[in-house]
Amino acid sequence: QVQLVESGGGLVQPGGSLRLSCAASGSIDSINAMGWYRQAPGKQRESVAIIPSGGEPNYADSVKGRFTVSKDNAKNTLNLQMNSLRPEDTAVYYCNALIRPRGSPLLNRYWGQGTQVTVSS
């Protein structure tokens with residue numbers, strides 16, 4: 001069984017920073033793309049930062065220059081460094097990954113449980 005677990009959310013003032021982490025665990029053969037999504041109240045879930053397999057990170061225009069995504073392939077972890085946070089960044093942040101479970105020929109999409117990020121004074 002494959003699991004994604006996020007950590008690092010919380011309350012921060014505008015202009016502050018937070019670092020989110022996502023750890024993939026379980027019976028994993030390989031991990032393809034990994035990324036962060038977010039969903040604010042009353043809005044659809046949106047892509048924030050994606051690292052495709054063997055490619056460069058892609059960022060939503062709204063976070064370019066402020067957020068940095070990084071992946072540790074040896075540890076199966078994904079991090080999101082968020083700087084210069086704004087109230088409009090308030091949302092539940094979800095980790096997402098395309099993973100091939102051990103013994104399976106298929107890639108499956110997995111989601112973490114989400115972590116709340118609140119930017120407020």
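Analyst: Buried means a relative accessible area under 20%, exposed means over 50%, and partly exposed covers what falls in between. The model is a predicted one. With a relative accessible area of 15%, Tyr94 is under the cut-off and is therefore called buried.

User: What makes Tyr37 buried or exposed?

Analyst: Tyr37 has a relative accessibility of 19%. The cut-off is under 20%, so Tyr37 counts as buried.

User: Why is Trp111 called partly exposed?

Analyst: The relative accessible area of Trp111 is 35%. That value lies between 20% and 50%, so the label is partly exposed.

User: How many aromatic pairs are found in the whole structure?

Analyst: A search of the whole structure gives two. In one of them, the ring centres of Tyr37 and Trp111 are 5.0 Å apart, with 65 degrees between the planes. Centres must lie within 6.5 Å for a pair, and planes over 60 degrees apart count as edge-to-face, so this pair is edge-to-face. Tyr37 belongs to strand S4 (residues 28-39) and Trp111 to strand S10 (residues 108-111), so the pair links distant parts of the chain, 74 residues apart.

User: What makes Tyr94 and Trp111 an aromatic pair, and of which kind?

Analyst: Their rings are 6.4 Å apart centre to centre, and the limit is within 6.5 Å. The planes stand at 90 degrees, and over 60 counts as edge-to-face, so that is the kind of this pair. Tyr94 lies in strand S9 and Trp111 in strand S10, so parts 17 residues apart in sequence are tied together. Tyr37, Tyr94 and Trp111 form one aromatic cluster.

User: How do you know that Arg45 sits over the ring of Tyr94?

Analyst: The charged end of Arg45 is 3.7 Å from the ring centre of Tyr94, and the distance limit is within 6 Å. The charge must also be within 35 degrees of the ring normal. Arg45 is listed as sitting over the ring of Tyr94. Arg45 also lies over the face of Trp111, at 4.5 Å from the ring centre.

User: Why does Asp89 count as buried?

Analyst: Asp89 has 1% relative accessibility, and the cut-off is under 20%, so Asp89 counts as buried. Asp89 is in the loop between strand S8 (77-82) and strand S9 (91-101).

User: What makes the link between Asp89 and Arg66 a polar contact?

Analyst: The side chains of Asp89 and Arg66 are joined at 2.8 Å, and the distance limit for N or O atoms is within 3.5 Å. Beyond four places in sequence, the residues in contact with Asp89 include Arg38, Arg66 and Phe67.

User: Which strands stand at the edges of the four-stranded open sheet, and why?

Analyst: The order is S1-S3-S8-S7, with antiparallel pairing. Strand S1 (2-7) and strand S7 (67-72) each have a single partner strand, so one side of each has no neighbour in the sheet. From one strand to the next, the twist averages 15 degrees.

User: How do you know that S1 pairs with S3?

Analyst: At least two bridges are needed for a pair. S1 and strand S3 (residues 18-26) have six, in the antiparallel sense. Gln3 stands opposite Ser25 in S3.

User: What makes S5 and S6 a pair?

Analyst: Two bridges join S5 to strand S6 (residues 58-59), and they run antiparallel. The requirement is at least two, so the strands pair. Ala49 stands opposite Tyr59 in S6.

Technical notes: Residues numbered from 1 in each chain as written. Predicted model: local features only at pLDDT ≥ 70, side-chain atom pairs only at ≥ 80, totals over all residues. Heavy atoms only, no water. Buried < 20%, exposed > 50% of the residue type's maximum accessible area, 1.4 Å probe, protein only. Polar contact = N/O pair within 3.5 Å; in protein donor to acceptor, adjacent residues only side chain to side chain. Contact = heavy atoms within 4.5 Å. Axes fitted to C-alpha atoms, helices over the stretch in contact; angles between N-to-C directions. Phe/Tyr/Trp six-rings, centres within 6.5 Å; stacked < 30°, edge-to-face > 60°.
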